[in-house]
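Please read them beside the structure.

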Amino acid sequence: MVEFDVERIRRDFPVLATSVNNKPLVYLDSGASAQMPQSVIDRINHYHQYEHANIHRGVYQLSEQATAAYEAVRTTVARFLNVADTSEIIFTKGTTHAINLVAHAYGRKFVHAGDEIIVSHMEHHSNIVPWQQLCDEVGATLKVIPISDIGELDLEVYERLLSDKTKLVAVTHVSNVLGTVNPIKDMVALAHAREIPVLVDGAQGAPHMKVDVQDLGCDFYIFSGHKMCGPTGIGILYGKRHWLERMNPYEGGGDMILSVTFEKTTYADIPAKFEAGTPPIVSALGLGEAIDYLEAIGLDSIERYEKVLTKYATEALSDIKDITFYGTAPNKAAVISFNIKGVHAHDIGTLLNDDGVAVRTGHHCAQPVMQRYKVPATTRASFYLYNTIDDVDKLVASIRNAQKIFS
Ligand code: PMP
């Protein structure tokens, strides 16, 4: 094992000391939502107890302090993504909200009849449906990068799909079902050679590895707070100033305007232009604390540790009779999807829960991936910095128990 004090980390997460069905909780669903450490919970409580006020409006001290705390998180996020211009960081409600923002604000301005948007076959529904809706509305076409049997994007087809008609590439950094880490830097370079912007869905990327958007070169990078030890209700849209300034506003309301008369409204500069109404202030503060927590441990260390854990889990699960894996690319994050012959994924999930093991079962909001591998559902174990070898051993033992019941 690499040096990584997972037992100390576990003590930071109160929920990991709890039980389910009189068994210690084995939490293997961080891909859906990660748990929160005490420091994040304390930050949220402290805000509610002593710091709450609306931001950007008040001239009184409490409001000014809340505004400063909220804006400080913008700076934290900019540093986290290696963004030089903090105005390029937009707070959203989550990944889904951020993608919809771009689909409206960029899409309705720059995508027209006959144009094309490229997505991949491994996208989460939230990086498919908004583009499909846009295409239907304006008369554009969605093009899809296929995936191989092991779960890698076909880059030759991708290159052929790029054309003068392409107005955007929208692709996931890491697949939430297959775990594949996509070669974003290369994909961006290919798109930029034709001056096509690239949006990256980083919901499964940012929590697990160091992300440097300047190095990736992408035009938009998006993620959710709740998958990286932060609270729900907060997400981030990084966008290049070049695009954000040219895009239409998304939602209209307070805070996003310069002046309003019944004849005409003028809009605020970025980032305010895209943050209409009272934002999720407390969730932003929680996200800031979560980023501080992850950075103190080190994203590189977390990524290294997860690789060791994933390798161990893949080997241990491989010994199970009649198991099929979905997603076996060499460059893979801490997500393992599988099925056990003769047992429906939902039955596996229910029986694992009896042993205190929390996994996700179903289509994982990625039905096209299920269609690609011709399965209705999979069981997915997803790991994070607080999971252990012992968790993996309990997962394996619990699957074996489930198998006995169905044999
Ligand atoms: N994209 C990916 C790759 C995801 O895994 C998820 C969450 N499962 C989302 C988008 C949507 O994130 P949210 O529900 O936080 O908006």
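How much space lies in the second largest cavity? About 30 Å³.

1. Basis. This is a predicted model: local features need pLDDT of at least 70, side-chain atom pairs count only at pLDDT 80 or more, and totals for chains, interfaces and linings use all residues. Residues are numbered from 1 along each chain as its sequence is written, and side-chain values use heavy atoms, without hydrogens and water.

2. Cavities. The count is two cavities of 30 Å³ or more. A cavity is a set of points, on a 1 Å grid over the protein atoms alone, where a 1.4 Å probe fits but cannot get out; lining residues have an atom within 4 Å of a point. Volume is the space filled by probe spheres set on the points, which are joined across faces, edges and corners.

3. Largest cavity. Its volume is about 80 Å³. The lining includes V181, H208, E303, K307 and K332. By class, four lining residues are nonpolar, two polar and four charged. Domain 1 (6–30 + 298–406) and domain 2 (41–296) both contribute to this lining, so the largest cavity lies between them. The domain bounds come from an automatic or database assignment.

4. Second largest cavity. Q204, H208, A333, A334, V335, S382 and F383 line it. Four of these are nonpolar, three polar and none charged.

5. Largest pocket. A pocket is an open set with protein on both sides within 12 Å along at least five of seven lines. The largest has a volume of about 330 Å³. It is lined by 23 residues, with G31, H124, N176, Q204 and K227 nearest its centre. Each of domain 1 and domain 2 supplies at least three lining residues.

Key: Nonpolar A, V, L, I, M, F, W, Y, C, P; charged D, E, K, R; others polar.
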